[in-house]
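This briefing goes through one protein model by topic. Look at the sequence and the structure first, then read the points below.

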Amino acid sequence: MKITDNDRQKIDITDDKIFYQKPRYVHHLSDSFRIRLTTLYSQYLLNHHVILDLMSSWVSHLPSNVRYKKVIGHGMNEAELSSNRRLDRFWVQNLNKSQNMPIEDSYFDVGLIVAGWQYLQYPEKVSIELSRIIKSDSLLIISFTNRAFWTKAPNIWTYSSEDRRIEYVKSVLTSTGWKIEKTFTEKTQDKKLFGFYSAESDPFFSIIARNNKSNNLTSFY
């Protein structure tokens with residue numbers, strides 16, 4: 001998939017560092033979405049895994065009853081990352097300015113991105129870099145809903161339908177050597193009024209891709 005310059009543009013063109021300089025200790029995803037995400041992680045993450053939590057914040061949505069070998073986070077706000085008790089260490093980096101990550105080759109057993117892909121202006125370059133630092137035949141799990149800081153999301157995300165966003169993520173991944181294993185498109189329900197009734201909540205979208213280094217393409221550079 002060819003991404004145009006217009007696709008990469010966003011409403012707020014000021015430095016992302018300014019937008020993210022103040023920590024936000026709030027949940028940007030509904031209760032039901034977070035529960036579904038944690039359930040998904042429990043199915044794919046093993047306690048011996050070294051995990052990358054890319055574009056993270058003060059929570060990682062990992063199962064509370066599992067201690068992983070190592071969880072390394074990345075984000076834009078140091079205070080938020082410092083407050084995340086699941087991270088063993090972290091680094092701060094604006095992936096819209098530089099996509100090269102300070103991690104050795106084939107370091108991670110699995111990579112996670114939740115509610116983050118929608119802010120990437122150069123997702124194909126990030127995808128290629130992730131294939132470098134994630135082990136061959138290992139997984140990348142990208143999850144999102146229909147929420148975003150819309151002024152910071154590029155046009156290709158802001159002005160696309162939900163189905164189009166899913167196909168966009170899958171297209172970038174497959175174009176850069178990843179193999180799509182499974183796609184989840186689900187409705188979630190939040191309990192209301194002390195659990196007496198439920199209401200539709202954030203939709204749950206998740207794409208699971210497997211790293212195929214031998215098929216990695218670098219034509220985007």
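With which side chain does the side chain of Lys10 make a polar contact at 2.8 Å? The partner is the side chain of Asp16; a polar contact is a pair of N or O atoms within 3.5 Å, where within protein one must be able to donate a hydrogen and the other to accept it, and residues adjacent in sequence count only if both atoms are side-chain atoms.

This is a predicted model, in which local features need pLDDT of at least 70 and side-chain atom pairs count only at pLDDT 80 or more, while totals for chains, interfaces and linings use all residues. Residues are numbered from 1 along each chain as its sequence is written, and side-chain values use heavy atoms, with hydrogens and water left out.

- Lys10 is found in the loop between H1 and H2; helices (H or I, at least four residues) and strands (E, at least two) are DSSP runs, numbered from the N terminus.
- Lys10 has a relative accessible area of 10%, so the residue is buried; buried means under 20%, exposed over 50%, and partly exposed in between (1.4 Å probe, protein chains only).
- A polar contact at 3.4 Å links the side chains of Lys10 and Gln121.
- Leaving aside neighbours within four places in sequence, Lys10 is in contact (heavy atoms within 4.5 Å) with residues including Asn96, Thr151 and Asn155.

**Salt bridges**

- Side chains of opposite charge can pair when their charged atoms come close.
- The structure holds 14 salt bridges, each being a side-chain nitrogen of Lys or Arg within 4 Å of a carboxyl oxygen of Asp or Glu.
- One of them joins Lys10 to Asp16, with the closest N and O atoms 2.8 Å apart, and both residues are buried.
- Another joins Asp12 to Lys152, with the closest N and O atoms 3.7 Å apart. Asp12 lies in the loop between H1 (5-8) and H2 (16-19) and Lys152 in the loop between E5 (134-144) and H6 (155-158), so this pair ties together parts that are 140 residues apart in sequence.
- Asp109 pairs with Lys135, the closest N and O atoms being 2.8 Å apart. Asp109 is in strand E4 and Lys135 in strand E5, so the bridge ties together parts 26 residues apart in sequence.
- Asp109 is buried at 14% relative accessible area, whereas Lys135, at 32%, is partly exposed.
- Lys10, Asp12, Asp16 and Lys152 belong to one network, joined by salt bridges that share partners.

**Nonpolar cores**

- The largest nonpolar core has 38 residues; such a core is a set of buried Ala, Val, Leu, Ile, Met, Phe, Trp, Tyr and Cys residues joined through side-chain atoms within 4.5 Å.
- Among the residues with the most contacts inside this core are Leu54, Phe108 and Trp117.
- Helix H7 gives the most to this core, with five residues.
- Not counting residues up to four places away in sequence, Trp117 touches residues including Met55, Trp157 and Leu173.

- E9 runs antiparallel to E5, joined by six bridges, and Leu139 stands opposite Arg210 in E9; two strands pair if DSSP finds at least two bridges between them.
- Eight bridges join E6 to E9, also antiparallel, and here Ile180 stands opposite Ala209.
- The buried residues of H3 include Phe33, Leu37 and Tyr41.
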